[in-house]
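Student: Please take a close look at one part of this model, the aromatic ring pairs. How are they set up?

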Amino acid sequence: MRVEPLPGAPAATVDTDGERLLAVADYHAGIEAGLRYEGVELQSAAEDRRERLLTCLDRARADRLVVIGDLGNAIGDPFDDERAELAALFDALDVPVTLVKGNHDGSLEPVLADLDADIEVTPGHGTRIGSVGFAHGHTWPAPDVLEADVLCVGHEHPVVRLEDSVGGAQKERAWLRGSLATDPFAEQFDQPVDDAPDIVVFPAFNDRSGGTWVNVDGQEFLAPFLPEGMTDAEAFLLDGTRLGAYQRV
């Protein structure tokens with residue numbers, strides 16, 4: 001596989017275009033500042049997030065980090081805590097970074113420009129690196145991104161509800177993987193989509209950012225092309241456990 005989840009982590013290695021990438025989605029730096037603004041007090045986990053990401057990069061022996069949107073958390077101008085977290089993160093990184101803009105990254109480019117960082121920012125409709133496409137998922141991926149062999153998206157923060165035999169329940173972050181259903185994209189762009197790539201929906205890297213319950217009735221997906229835009233999608237836990245078709249977990 002070109003996209004291989006890193007066991008036990010919400011991150012994947014991607015081998016494409018002569019590089020090994022580490023891809024993550026929905027880092028949401030500074031989320032605690034946003035929650036505090038809404039009246040929820042949580043101690044910052046910025047250092048833990050940074051160390052977990054650095055550990056993933058080391059495990060993957062990655063040449064580049066790809067953030068599939070929502071590197072930051074503030075929709076508008078970032079809070080000071082978010083700026084400080086990003087500065088500390090980029091001080092610690094020793095690989096170039098590609099950020100595919102998400103809906104939380106609209107005001108991030110001037111902040112990143114002030115950092116001593118090797119970072120490329122791509123549009124929210126996505127980009128291709130070799131044969132792999134990346135798009136955050138808050139808007140439709142561009143037609144040329146759909147020509148990839150695999151499309152990686154974030155935004156959804158998929159989680160599953162697991163119940164035991166006595167009625168206990170727990171929430172687990174999950175990967176979704178299936179084939180792209182071409183009809184919704186052909187209708188959106190008024191042109192045929194000839195080859196259906198695989199689609200991989202990434203779990204959120206930030207474990208405080210909530211998520212879409214993909215196996216609970218009445219829950220709606222966030223991306224405008226999901227769930228109609230994928231077929232035969234299966235869910236996998238972070239430890240690699242294959243749960244089967246996500247709707248029947």
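**Aromatic pairs**

Tutor: Start with Trp175: it is buried, because its relative accessible area is 2%. Buried means under 20%, exposed over 50% and partly exposed in between, with a 1.4 Å probe and protein chains only. Phe202 is buried too, at 0%.

A word on the source. This is a predicted model: local features need pLDDT of at least 70, side-chain atom pairs count only at pLDDT 80 or more, and totals for chains, interfaces and linings use all residues. Numbering runs from 1 along each chain as its sequence is written, and side-chain values use heavy atoms, with hydrogens and water left out.

Now the rule. Rings of Phe, Tyr and Trp (its six-membered ring) pair if their centres lie within 6.5 Å; planes under 30 degrees apart are stacked, over 60 edge-to-face, the rest tilted. Trp140 sits in the loop between β8 (132-135) and β9 (150-153), Phe225 in the loop between β13 (212-213) and β14 (230-237), so the pair ties together parts 85 residues apart in sequence. Strands (E, at least two residues) and helices (H or I, at least four) are DSSP runs, numbered from the N terminus. Both Trp140 and Phe225 are buried.

Back to Trp175 and Phe202. Their ring centres are 4.7 Å apart and their planes at 65 degrees, so the pair is edge-to-face. Trp175 belongs to strand β11 (residues 169-180), while Phe202 lies in the loop between β12 (198-201) and β13, 27 residues apart.

Last, the cluster: Trp140 and Phe225 form one aromatic cluster with Phe185 and Phe189.
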